[in-house]
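This note is intended for a colleague who meets the structure for the first time. Please read the numbered points beside the sequence and the model.

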Amino acid sequence: MSAVAQTVSRSKAGGRPQGLRLLLNNRLAAAGLVVLALMIAAALAAPLLPLADPNATAPADRLLRPLSEGHLLGTDALGRDILSRLVWGARVSLAVGISATVIAAFVGSLIGLVAGYAGGRTDNLLMRGIDMVMAFPYILLALAIVAVLGPGLLNALYAIAVINVPFFARNIRGITLGLSRREFVDAARLSGKSHLKILTTEILPNVLPVIVITMSTTIGWMILETAGLSFLGLGAQPPQADLGSMLGEGRKILFNAPHVSIIPGVAIFLLVMSINLVGDGIRDVLDPRLRSGALTRPVARTAIELDDEEGPSSRTSGGNLLDVAGLRTEFRIGPTVHEAVGGVDLHLAGAECLGIVGESGSGKSVTAMSIMGLVPTPPGRITGGAITLKDEDLLAASDERIRQLRGGAVSHVFQDPLATLHPLFTVGDQIAEAITAHQPASRSQAWKKAEELLRLVRISNPAQRLDAYPHELSGGMRQRVSIAMALANDADVLIADEPTTALDVTVQAQVLALMNKLRREKNASILFITHDFGVVSAICDRVAVMYAGKIVETGRTSEILAAPAHPYTRKLIDCVPVLGEPERRLDAIEGLPPPVSDLPQGCAFAPRCPIAQPECRAQAVELAPLGKERAARCLYPLTHTTGVSADG
Amino acid sequence: MAAYTLRRLLAAIPVLFGLTLLVFLMMALIPGDPATAILGSYATPDNVARLNAALGLDKPLPQQYLIWLGNLFQGDLGRSYALNRPVLDEVLERFSATLILAGTSLVICSVLGLLAGIVSAVRQFGWTDRIVTFIVLVGISTPSFFLGLLLILLFAVKLRLFPASGMYAVYGGGDLADLLHHLVLPALTLSVVAAGVVARLTRTSMLEVLRQDYIRTARAKGLTELRVIYRHAFKSALVAVIPVIGIQAGFVLGGAVYIETVFQWPGIGAMLVNAISTRDILLVQGGVLVVAASYVLFNLAADLFQSILDPRLRR
């Protein structure tokens, strides 16, 4: 997963389109903006438009249908022109709605800013007051306020503003609380700025987007609610009319003249709908989480779109348990393509442990997750190569077949056991579920087996632990549970994606020992993904080192450790910390891996390589065999050529 | 769990007291003199003073509150002068009708909203998602009082499928079937906006949850996609949605004001609107108090249900 996160965050920094353009790109928001602009323009221009007097009654012309002569939208029960009343009414509704929003935003933001900035008792007092207001059902409080102040448009406006204050206060307080603990606020405080100045110059600019979002999402409500109060006869009083009171009056003659109520009703709907469309558009533009497209959900299986020219099954399987040939997996984010895995060949024999080693973003996890289609789509997809498990073509297998293999023949152990176990189900439930997904076992049988599995991974009191939730266990214990889950169905292949990275060193050693023992007992193969050569030396028979989506060196662990051929492998091995320095920092290798959306023409490691020559940058370097089971993607392999030293 | 429940129940007590204080203050701050309102503007100052003394309005405010609170505990919310009957009797009778309407709407909005949200999230960016998203947007933009009128025109006037008003038929009604028949239109109208809000949040929560590592684990275990979505993802999403359903209880209880007026449902909302117009302050006070208190209890129930689902919240 870390690899995916990296590529995503890297691409995000690319372009930041302008807000308005983004808003207009959103077709619905643009349509809303047009409708809203038209309605506001008409309402503003009401005195200039050639409209009839909205209050001029004409008993002779009462209840004319729409499209009557001289009355485009007909007349109401008193013979007043509905079109004219509509425009003037919209003017009132808009004015009241906008005023209420401004008042609520001002008061609410002020409370939120002060509470969040002051903290302590002030915060407590203000927020308890806000909670009190929120303890009332939304509209009921407005009614109570109108009951106190008496019916009337202005009182309805106050009531609606008051009941919306909490939304602003809470949102703004939350942001302010976070901001007021940040360094730049501390710096301003130390520089002797007054509280008022800090609030207005340091904090306010940062909370402004939140205020705007909250305004744009609540203004529709406020117009709706003021219309509602007027509809009930508690807002605008005759002869003054807003859209709500027009609807309320029309209701009395609903059966003989429905148009009198339908027209203002549609107007309210259009007004609120257009505001909501624009509001959603504004929120999407200002909310960075949505902008990066982070809120897409991965589907059940990675999309497979093989390029025809490559000929997916042209590479034959080598008769191993698991064979990966020419695997390509990429991420499409916007217009950029990140080639996370650029043609990887792997094979895994029975009861063998293969380590895939590399930095974050090297494509090691994506390679491993591609095997069972667990790379998130969108944005990921497999575009080339072949994966065969016991002579079965996994890329051609049906979704149902893949589901059967997942957790069955091929099981997984992931990095952070707190995040990878479901927080709301007990440990026993989650293990039992893994069993019943593949074996015809009853619930009690599955629980019995789950208990055995916990004992197998050396958890004490397994029967009691079954009822524990993941958060009630320690990190090492949780990872043992994950391993127990992976062992539930006697898998042939165990894919372990950094299973020890989130654990502290002693627990790490225990978990490694456990996996090693289980592998021998259960005769399972392990694909072990890690960035740590220390871990590799403890468990792996063979190693494949990955860099920028390609394997740069592969061979037996002992040989590679003794004499790395690729300069990158050498650097990785040097990163294994000395005893007493538990901090493993891989960026001890100078520079960063190249972005996989923009790989250099030649060797991808050349820019960071201490011994790089001009030829290295000129053309792609192939993986060249260096003896039995050994290969390196380097023109000047370290120990196998003369005259080149790694110490440069 | 028992300890947590007890703690939550105890925490609700100060909120309920706060409510009584707020309701009391609101009504005490009403400009004008209740005695004058009751006796009319032709009353002699002498009579006004006597009535004020009888109502206890000549005492200082804190004392008035304590007396009012004491009466409240004895089930005495005063007397509605417009209806000439005890406020509590009227309020409870009306509130039961509102509870039927609001409760039904809450169930409808939860079921519709959750389903629409799940489907929308699972089919993200597909046509189903787009259509559901658009319907939701239309739903939350439509004034419920207008939607009620439209439904009356269509189903009561044109199609004659459902009655336009009341809770029971005037003649020969009164059984459950009759109640349900009358309930369909108002309950549906009342639940539309709330369902939209629930659907939106469910969609967002589902999208959020489906990206979590533990969903990948569930898939890696070989669970069927149905199980991944409706058991693993939905449970987490539900934890996030429940408080919002609790808030929707407030929306349907408050929104009942419109719907009861439109469909002439004999509930507390319609009662409140009338009481405000007739300045029947004690009735408004009693009605607001009972609805607000029930909202606190709805939210309490939502909290407890949430903690049943999420063990991490029980501490």
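1. Which residue stands opposite Leu389(A) in strand 5 of chain A? The residue is Leu322(A). Strands here are DSSP runs of E with at least two residues, and helices are DSSP runs of H or I with at least four, both numbered from the N terminus.

2. This is a predicted model, in which local features need pLDDT of at least 70 and side-chain atom pairs count only at pLDDT 80 or more, while totals for chains, interfaces and linings use all residues. Residues are numbered from 1 along each chain as its sequence is written, and chains are lettered from A and ligands numbered from 1 in the order in which they are written.

3. Strand 5 of chain A spans residues 380-389, and nine of its 10 residues are buried, so the rest of the structure largely encloses this strand. A residue is buried if 20 or more other C-beta atoms, placed from the backbone, lie within 10 Å of its own.

4. Strand 5 of chain A has several partners, where pairing requires that DSSP finds at least two bridges between two strands. With strand 2 (residues 322-333) of chain A, the pairing is antiparallel over eight bridges. With strand 1 (residues 303-304) of chain A, it is parallel over two bridges, and Ala303(A) has Arg381(A) as its bridge partner.

5. Strand 6 (residues 392-393) of chain A also pairs with strand 5 of chain A, in the antiparallel sense over two bridges. Here Leu389(A) has Glu392(A) as its bridge partner. Two residues lie between the strands of this hairpin, and Lys390(A) takes a positive phi near 45°.

6. Between the chains, the contact takes 62 residues from chain A and 62 residues from chain B; two residues are in contact if their C-beta atoms, placed from the backbone, lie within 7 Å. Helix 6 of chain A gives the most to the side of chain A that touches chain B, namely eight residues. That side of chain A comprises 41 nonpolar, 15 polar and six charged residues. Nonpolar covers Ala, Val, Leu, Ile, Met, Phe, Trp, Tyr, Cys and Pro, charged covers Asp, Glu, Lys and Arg, and polar covers the others, Gly among them.

7. Chain B is assigned domain 1 (2-87) and domain 2 (88-314), with bounds from an automatic or database domain assignment. In chain B, 24 residues of domain 1 are in contact with 22 residues of domain 2. Helix 1 of chain B supplies the largest share of the domain 1 side, 10 residues.

Technical notes:
Buried ≥ 20, exposed ≤ 12 C-beta atoms within 10 Å, placed from the backbone.
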